[in-house]
Amino acid sequence: MKLLMPSLKAVWRVFARLFKRPVTIQYPDQPIPVSSRWRGRIILSRDPDGEERCVACYLCSVACPVDCIALQATEDTQGRRYPEWFRINFSRCIFCGYCEEACPTYAIQLIQDFEMSEYRRTSLVYEKDDLLISGTGKYPEYNFYRVAGVAISGKDKGGAQRESPPVDVRSLLP
Amino acid sequence: MTKGNTDSITIHVDGRSVQADPQRNLLESCLSLGFDLPYFCWHPAMGSVGACRQCAVKQFKDESDQAGRIVMACMTPSAEGTRISIEDSEAREFRASVIEWLMLNHPHDCPVCDEGGECHLQDMTVMTGHVSRRYRESKRTYRNQDLGPFVTHEMNRCIQCYRCVRFYRDIAGGEDLNVFGSRDRLYFGRMTDGTLESEFSGNLVEVCPTGVFTDKTLSRHYARKWDMQSTPSICSHCSVGCNVHLSERAGIMRRVTNRYHSRINGYFLCDRGRFGYEYVNHPQRLRRPAVRASRENSVSLIPLMPAEALAQLGVRLAQKKRIVGVGSPRASLESNYALRTLVGGEHFFSGMSEVEHHHASLILRVLKGGPAPSWSVQEVEQADAALILGEDLGHTAPRLALALRQSVRNQPMEQLERLNIPRWQDSAVRTALHGQKGPLYIGTVAGTSLDDVATRTFRGAPNDIARLGCAVAHKIYPDSPKSSELSLSEADLIREIAEALASAKRPVVVAGTGTGEAWVIKAAANVAWALRRRGVAAGIAFALQECNTLGVALLDGRSLDRTATTGADRNRDAMIILENDLRRRLEKPTLDRWLEQFDPVIVIDHVDEAVPDHADFVFPAAPIACSDGTLVNNEGCAQRFFSAMPKEPDVEESWRWIRDIARHASRDSFQSMSNWNRLEDIHDAIAGEFPLLRRIGETAPPAPFRIWDQKIPRAPHRFSGRTALPMLETIHEPQPPDDPESPLAFSMEGTPRQPPSPLIPFFWASRWNSNEAVNKFQDEIGGPLRNENPGVRLFDAQSRRVIPFFENAPPRCDRRNNQLLLVPIPRLFGAEELSARSSAIRERIPQAAVVLNPRDADRLGVRKGHAIDITAPGLVRRLPVETDETMAGGVAGLLVVGDGAYVTLPAWVTLRRAPST
């Protein structure tokens, strides 16, 4: 009897469970709810004007603890810096979000998507074409060049927020 | 700054008693002692002006003083018993508020600023703890200027420390950069947009504590400091041998920065050295061996695998009795020696033209045998009187010119002791000296960039300059040969120069190979030796043509004269040309005749333009930036350079090609080369053969050198992208490239400790990300690096030796009726082969031209811009005319900008205005 009791208890537990809601989610037919701050796939976003947000400052790549981000900075004819190429090796990425934290322009963002499995490891190396989205991501407002002091075409010196117009060097007024 | 030799004193910093130098200010003392004290306007080579108010500390009267007062450390001398506190809360608050003011207008653009990550302003802001901008008003902005191909201007970032104008005007003598405007509208720039004229403009990038001036060539292939693998190397663009750091990432050479060397370059480099590196990235650089099957028409060079090319060459060389080797003054000592070993001493040519070779041997004789020591750049900077004969140093050895510009202050500075002004008090010193200058006499063919600090200048043909030099020597010491036919005004000048030099304590005589006239060198030697005989501690310095001219001259090669190959036969003889564009050293007909006589002609080089049409085999050599070896600079100092890039497939160092050629050709000489696997093996062989070079292996620690069993990492510990960078080709992370040649590693792994000075890959210290971190590598500000190995000085002067003067001073240079003496006028940009391949430098190369004095131009009936025909035996050229007031009369100058065919200069030529088309 002493030996039988635990087995009976187990049978009872299983039986009682029949009348409760199941916890299993029918993934992938049923989507998994993730929190809004979920750190999934990494994307590069665009600013509200539709231009690339990334200014190729290399801060994400240096913040990355597994060194899986590499890029090359360049400058376009408008005076905007941008990455000539941008590569993330997701087979190394640990989704820590340090890159997003380091990014001074809200360009690099971790989104809720995590369905990235591949049959080939090389497919996990994402280039800029795979990373760049057409929207602003989590931060709809921010535009680095509206704050920064450098001039680009369409925003001259003194045209940024909280900037005075360029000084007249030749002025002798006190 | 001048080093003080007085006894040390005790100062008290935050309760700690430490030893300091009384010749120093408190900031220098604190930094030397390893304390972190923020500063901006003070610079180790420029002294203090107290402009930025950042280095505030609290000074106490004595032990009982608790209140203390705030002083600027850079403006307060270290005196016995000085009590200061860096950590005092009031001092800290003061410094934090200063930086808060400086940051009021600093733009929000660090992410797009090239200085970011190695910015002194960032470091100091973090150090003082300022984090957020409380000021809510708008920021001041400026318009930028286009400053030419080297330097980018972004005035918004300026913090008004005045370092740029102090360097550019006070140190480099530039005129076209200044500070404009008033109150908070100060503007550092030029009157109008335009290229910065100074040959030292690139130093603004390092001198500026923030990102106002940044490297324009770097921004074309930008990488952060933390992402670049840096390597200690030697500048290969002139004979001075400045120490540089070469920075590379992903197979692209990204930039050159100054590598402090207490005896040579100090804190500054010239623009040719800083921006000439892009030849390494040149798309046409030779990277694969190539073979031409036959000399028949239209058979071109075909790329081949190295093993196959060597095998084919072995077959072709097997029937050859003799191989002639042409060395190169721009190749390492080891490569030249390897070639010499392969071909044998009697078939080894130094690779220099007849004139160049003669001059180099002459200079070697003067430096090694004479009583006047060869002075390093920093010794020249300490000279208190100087005579320059013939050389336009601003174009042939700019770093030496910069040193001479500083040296004119030395004699007036002697009164500072009496005035009780310390030497680091820069603005007080300049006020006290009131523009006084010590003696500097310059005799050249045309005006030079040093003329504005010269006491007097003298213009003439190279012979006339030499004649003047000889006359000065005779005046100083009458045993020295006399010069004839001196005019009255000349005699007056000669007396003045002789008196100035003989009464100086440390005079220096500077000459060089730039004029192509050997007598200029002899005259300089005569002056220096005469001074020595008078008992004056004089030194001598020469500017030579290439980075290893003196090194290859030490190897006893033959010169490339016209008769050099007499008797050569293409059925019997083969030729190896090592890293040498012979069109720059031989007249075309001679060169063609030469190359016809040899079969096969083997070229080992990395410059595609240097490969002659006759080449049968081409082997891609690793340029100096990508190889290991030794160079001998103008002082006679051997220095080691290391490869800044991992080995590329198919590209080898020249000496390895030569060894492999010897193996495949089964030459007898291969026996002595068979065990050459590393540089150290060649060093042993060189040391055995040339007594002067016996210490060649001591220039740097050998390849097995380790610190605690670890190599020295070329990449900083923050190097990024390791697991993403190579993923284009393969997902498997490759091993870091091996570097068996040196104690350095192409990796971020290795010792965190400071290596001996020839191996320091970059200047970086905790909390000091910018190049200002060099302070942490010195025991004393402006002194030698810790564990300094300054290279090996190969010979020392025989100071007691009495050797005969050069006799038979040249006669006055006669004016010829219809002819002018054509002399070379070397240009900083263009005269040197490798830097001229760099895209930024190419924008600055002047057009080839003939320079005439306006009076001569009038006589010839030409004006600026007209074309003129130059004719002389073996020379016909048509060039545009430039006129120059400062040009000597009776002399025409040919701008040496690396175009066209070689001509032996000086030569008498007939000039005639070209018929207008």
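In chain B of this predicted model, five strands form an open sheet in the order 20-19-18-21-22, with parallel pairing. Helices (H or I, at least four residues) and strands (E, at least two) are DSSP runs, numbered from the N terminus, and two strands pair if DSSP finds at least two bridges between them. Strand 20 (456-459) and strand 22 (539-543) of chain B each have a single partner strand and stand at the edges, so one side of each is left without a neighbour in the sheet. On average, neighbouring strands of this sheet are turned by 15° against each other, direction ignored. Angles run from 0 to 180 degrees between N-to-C directions, and axes are lines fitted to C-alpha atoms, for helices over the stretch in contact.

Within this sheet, four bridges link strand 18 (residues 385-389) of chain B to strand 19 (residues 440-444) of chain B in the parallel sense. B:Ile388 stands opposite B:Ile442 in strand 19 of chain B. Helix 19 (residues 518-533) of chain B packs on the sheet and touches strand 18, strand 21 and strand 22 of chain B; its direction makes about 165° with that of strand 21 of chain B. Two residues are in contact if their C-beta atoms, placed from the backbone, lie within 7 Å.

A further open sheet of five strands in chain B has the order 2-1-5-3-4, with mixed pairing. Strand 2 (16-20) and strand 4 (69-72) of chain B stand at its edges, each with a single partner strand, so one side of each is left without a neighbour in the sheet. The twist from one strand to the next averages 40°. Strand 1 (residues 9-13) of chain B runs antiparallel to strand 2 of chain B, and five bridges join them. Among these pairings, B:Thr10 has B:Gln19 in strand 2 of chain B as its bridge partner. Helix 2 (residues 89-102) of chain B packs on the sheet, touching strand 3 (56-60), strand 4 and strand 5 (83-85) of chain B.

The domains of chain B come next. Chain B is divided into domain 1 (9-102), domain 2 (325-358 + 551-697), domain 3 (373-537) and domain 4 (819-913); these bounds come from an automatic or database domain assignment. The centres of domain 2 and domain 3 of chain B, taken over C-alpha atoms, are separated by 37 Å. Seven residues of domain 2 of chain B are in contact with seven residues of domain 3 of chain B.

Chain A contains five helices and six strands. Its radius of gyration is 26 Å, well over the 16 Å that the globule rule gives for 174 residues, so chain A is more spread out than a compact globule. The radius is taken over C-alpha atoms, and the globule rule is 2.2 Å times the number of residues to the power 0.38. Taken along the principal axes, the C-alpha atoms of chain A fill a box of roughly 105 × 40 × 30 Å.

Finally, the two chains meet: 41 residues of chain A are in contact with 34 residues of chain B. Helix 2 (59-63), strand 2 (69-75), strand 3 (81-89) and strand 6 (163-166) of chain A each supply at least two residues of the side of chain A that touches chain B. Strand 6 of chain A runs parallel to strand 6 (residues 139-141) of chain B, and two bridges join them. B:Lys139 is the bridge partner of A:Glu163.

Residues are numbered from 1 along each chain as its sequence is written, while chains are lettered from A and ligands numbered from 1 in the order in which they are written. Because the model is predicted, local features need pLDDT of at least 70 and side-chain atom pairs count only at pLDDT 80 or more, whereas totals for chains, interfaces and linings use all residues.
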